[in-house]
Amino acid sequence: MKNRIKVYRAIHDLTQEALAEKLQVTRQTIHAIEKEKYDPSLELAFKLSYLFGVPIEELFTYDVKEHMQEK
C-alpha cells in the first residue's frame with residue numbers, strides 16, 4: 001500500500017522517533033510503513049489520520065487492480 005506518511009511527518013516537523021512515541025510504536029514500525037514494507041493496522045492508520053488531521057485516504061492509497069490477478 002502506498003502512503004504519504006513521510007511527507008506529513010516532514011510537514012509536522014516530526015522525526016520517525018517522535019512520531020513513533022506519539023503513536024506508541026517503535027521507530028522501526030514507522031520506517032517500515034514509510035518504505036511500504038509493512039501495512040499498518042486499521043487502528044494505527046486511523047491514529048495517523050487523526051494525528052495529521054487529514055482523511056485516511058489522503059495518507060494511504062491502495063490500487064486494487066495492481067493486487068488482483070486478472071482472470
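Of the 71 residues of the protein, 34% count as buried, where buried means under 20% relative accessible area and exposed over 50%, with partly exposed in between, for a 1.4 Å probe and protein chains only. This is a predicted model, in which local features need pLDDT of at least 70 and side-chain atom pairs count only at pLDDT 80 or more, while totals for chains, interfaces and linings use all residues. Residues are numbered from 1 along each chain as its sequence is written, and side-chain values use heavy atoms, with hydrogens and water left out.

The secondary structure comes to six helices and two strands; these are DSSP runs numbered from the N terminus, helices being H or I of at least four residues and strands E of at least two. From the N terminus, the order is β-α-α-α-α-α-β-α.

I turn now to helix H4, residues 42–52, whose buried residues are Leu44, Ala45, Leu48, Ser49 and Phe52. Seen down the axis of H4, they fall within an arc of 140°, so they line one face of the helix; the arc is that of the directions from the helix axis to the C-beta atoms. The face turned away from this buried side carries the exposed residues Leu42, Glu43 and Tyr50. Just after H4, Gly53 takes a positive phi of about 70°.

Finally, Leu23. Which residues does Leu23 contact, leaving aside its neighbours within four places in sequence? Leu23 is in contact with Ile30, Leu44, Lys47, Leu48 and Leu51, contact meaning heavy atoms within 4.5 Å.
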